[in-house]
Amino acid sequence: GRSLDLQYSDWSTESLCNLLWIGVHFSWNPVPKRRLPVFFSHVWGVTLMHLTRCYPVMKNVKILEDFYKQKRPAMFVANHCSWMDIPFLGATIGWRNYKLISKKELGIVPILGTAIKAGGNIMIDRSDRRSQLKTLKQGIGYLKDGIHLCTFPEGTRSRTGRLMKFKNGAFKMAYKAGAPIIPITIVNSHKVMPTGWMMAMRPARGLAEVIVHEPVESEGKTEEELAQAVRESMIKGLPEDQIPL
């Protein structure tokens, strides 16, 4: 009855929160260095997440506070098993100018695809070598210009919630730009909005967590060593049912 209606309303609003966060952030930030659009989109997204009980618990945020004082750009990488990972990651990065690295397939999604392109975010076609090189150059340029990048190195959502193998693009960008990588572990987002669901199955509050790990410097490491160090950090924050088999 009334209780079920309220729960359905909460779930629908959480799904709307996710879509609005993506659309507003991407479409209101067409110029890489414009900070005002990023500010307004962040206010909008964070407010909605709080109002819909969609805000995850964030741990080790002090690591980011200390890092930001250095005024250096970073590559943020997180595990990926739900659409909720996008607003979770954005809320964790906070009041900063950043770009998302996404796969080309998202470009054909109505509204979202147009917004991603208009926002100057990076889209990669893994089947096209020329696109890969262009994306690599674009990402390195953003990092050298002081703009943070964020991505999910698995390349797609994990259907089981367990961490999958990494693609090497994010690590190559950070290595070439000499930028550090900040590993982020997202816990239980797939239990909030499983793969294939159009709306959240339950509120994130009290269930989902975002864990920030110490930055991993790219200098003094090979790309392989960098990827391995980041992966080990991320695994440390995962519960048993999300650890790779």
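Modeller: Helices here are DSSP runs of H or I with at least four residues, strands are runs of E with at least two, and both are numbered from the N terminus. By that naming, N188 is found in the loop between β6 and α8. The model is predicted, so local features need pLDDT of at least 70 and side-chain atom pairs count only at pLDDT 80 or more, while totals for chains, interfaces and linings use all residues. Residues are numbered from 1 along each chain as its sequence is written, and side-chain values use heavy atoms, with hydrogens and water left out.

Biologist: What makes N188 count as buried?

Modeller: Buried means under 20% relative accessible area, exposed over 50%, and partly exposed in between, with a 1.4 Å probe and protein chains only. N188 has 11% relative accessibility, so it falls in the buried class.

Biologist: And what is the phi of N188?

Modeller: Near 70 degrees, a positive value in a residue other than glycine. Most residues other than glycine have a negative phi. N60 also has a positive phi, near 65 degrees. N60 lies in the loop between β1 (57-59) and α3, and its relative accessible area of 41% makes N60 partly exposed.

Biologist: On to charges. How do you know that K69 forms a salt bridge with D66?

Modeller: A salt bridge needs a side-chain nitrogen of Lys or Arg within 4 Å of a carboxyl oxygen of Asp or Glu. The closest N and O atoms of K69 and D66 are 4.0 Å apart, and the pair is counted as a salt bridge. K69 is exposed because its relative accessibility is 64%, while D66, at 33%, counts as partly exposed. K62 joins D66 and K69 in a network of salt bridges.

Biologist: How many salt bridges does a search of the whole structure find?

Modeller: Six. Another of them pairs R72 with E217, at 3.0 Å from N to O. That pair links distant parts of the chain: R72 sits in the loop between α3 (61-68) and β2 (75-78), and E217 in the loop between β7 (209-212) and α9 (223-236), 145 residues apart. R72 has a relative accessible area of 26%, so it is partly exposed, and E217, with 31%, is therefore partly exposed too.

Biologist: What about D241 and K191?

Modeller: Their side chains meet in a salt bridge at 3.1 Å, N to O. D241 is in the segment after α9 and K191 in helix α8 (residues 189-192), 50 residues apart.

Biologist: Which residues have the most contacts inside the largest nonpolar core?

Modeller: F76, F88, I182 and I184, in a core of 28 residues. A nonpolar core is a set of buried Ala, Val, Leu, Ile, Met, Phe, Trp, Tyr and Cys residues joined through side-chain atoms within 4.5 Å. The elements that give two or more residues to this core include α3, β2 and α4 (85-93), and α4 gives the most, with five.

Biologist: Why is α4 described as largely enclosed by the rest of the structure?

Modeller: Because nine of its nine residues are buried. Among them are I86, F88 and L89. Just after α4, G94 takes a positive phi of about 85 degrees.

Biologist: What places A227 among the buried residues?

Modeller: Its relative accessible area is 17%, so A227 is buried. A227 is in helix α9. Contact means heavy atoms within 4.5 Å, and, leaving aside neighbours within four places in sequence, A227 is in contact with F166 and F171. A227 and F171 are 56 residues apart in sequence, yet their C-alpha atoms are 6.2 Å apart.

Biologist: Last one: why are α6 and α7 called oblique to each other?

Modeller: Axes are lines fitted to C-alpha atoms, for helices over the stretch in contact, and angles run from 0 to 180 degrees between N-to-C directions. Under 35 degrees is roughly parallel, over 145 roughly antiparallel, 65 to 115 roughly perpendicular, and the rest oblique. Helix α6 (residues 129-144) and helix α7 (residues 169-177) pack at about 50 degrees, with axes 9 Å apart, and they are therefore oblique. Residues in the contact include L136 and I140 of α6 and M173 and A177 of α7.
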